[in-house]
Amino acid sequence: MASQRDFDVVGLGEALIEFNQTDPAAPVYRQGIGGDTSNAIIAAARAGARTAYLSRYGGLDEFGELLLNLWRAEGVDVSGVLRDDGANNGLYFVQHTPSGHQFSYVRSHSAAARMRPADLGHGIVERSRYLHVSGISLAISTTACDTVFAAMTRARAAGTQVCLDANLRLRLWPVSRARAILREAIAQCDLFLPGVDDMRSLTGLDDPQAILDWVRALNPDAIVVLKAGSKGVIVDDKVSRTHVPPCRVQAVDATGAGDCFAGNLLARLCAGEDWLSACRYANAAAALSTTGYGAVAPLPRPDAVRALLRGV
């Protein structure tokens, strides 16, 4: 798989306009852009990967141009992002409270939720080394879910590796439906990036080793990187399980940290690094992303990541 491909990583999913409360004591919000797979693809681009994004953006408001302008500025190919003149773009608000950050969404019937398998006719999935998808894209609508599975089918046929981030959001769908669909998606991926909290809700299991056993029973062949936030990650490479400790920073906003991890991990794998080295780099990048507000603005550049790693 490799050098002949036009892209290292292509992401498929939903981008949203973000309003982030930068002062917890005041109703003041900074406008930005978020969306899990979009965040990940920008993180990968900043880490040096050749990237593309696949989605729809709405033509009923002015926010669509913000999305396109951001991706273009970050060097992300947007030829697979389609304009939907019959829809708005989704929005979300981030509030910071003593118990952590809280999200409120305005995304029903957004352009991205109207994605269809026919949108994939451009063939970009087949021209990439990795396809990155998530549980959120599976959850936002039936047609978006169908589009994710269609993209995974195209990827497998073309030898493109499928990376799945669980990103379970139970406000989007009933847990019974989430379990059924995510089990099928997990069985079809090559790299699975679950979070411990998500997997507790999905499986009812608390122990990380038991969670990894559950995943391994579904998919004996995937690489699994279990994300445990401030406790680092556990890499299950089918032969052994290795804990990669976190990097310590002064965190102010964890929005998009897991997406930052995913994008940087894929970028470093495409650059030829081994799994543990790539995970250490992605851990450092994710840690740095929590030191500023918003999903995209704090995504670090390689010099900052390497400086943190040198300090560690």
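Modeller: Start with a term. A salt bridge needs a side-chain nitrogen of Lys or Arg within 4 Å of a carboxyl oxygen of Asp or Glu. Keep in mind that this is a predicted model.

Now look at Asp-253. It sits in the loop between β13 (241-244) and α8 (257-270). Asp-253 is buried, yet it has no salt bridge. Which side chain of opposite charge is nearest to Asp-253? That is Arg-30, and it is 8.0 Å away.

What does the side chain of Asp-253 make a polar contact with? The partner is the side chain of Asn-20, at 3.1 Å. Asn-20 is also among the residues that Asp-253 touches, leaving aside those up to four places away in sequence. Two histidines are on that list, His-96 and His-101.

Step back to the whole chain. Buried residues make up 57% of its 312 residues, and Asp-253 is one of the buried ones. The chain has 10 helices and 13 strands. Its radius of gyration is 18 Å, close to the 20 Å that the globule rule gives for 312 residues, so the chain is as compact as a globular protein of that length. Among contacts with a separation of 6 or more, 71% join residues 24 or more positions apart.

Key:
Residues are numbered from 1 along each chain as its sequence is written. This is a predicted model: local features need pLDDT of at least 70, side-chain atom pairs count only at pLDDT 80 or more; totals for chains, interfaces and linings use all residues. Side-chain values use heavy atoms; hydrogens and water are left out. Helices (H or I, at least four residues) and strands (E, at least two) are DSSP runs, numbered from the N terminus. Buried means under 20% relative accessible area, exposed over 50%, partly exposed in between (1.4 Å probe, protein chains only). Lys and Arg count as positive and Asp and Glu as negative; His and the chain ends are not counted. A polar contact is a pair of N or O atoms within 3.5 Å; within protein, one must be able to donate a hydrogen and the other to accept it, and residues adjacent in sequence count only if both atoms are side-chain atoms. Contact means heavy atoms within 4.5 Å. The radius of gyration is taken over C-alpha atoms; the globule rule is 2.2 Å times the number of residues to the power 0.38.
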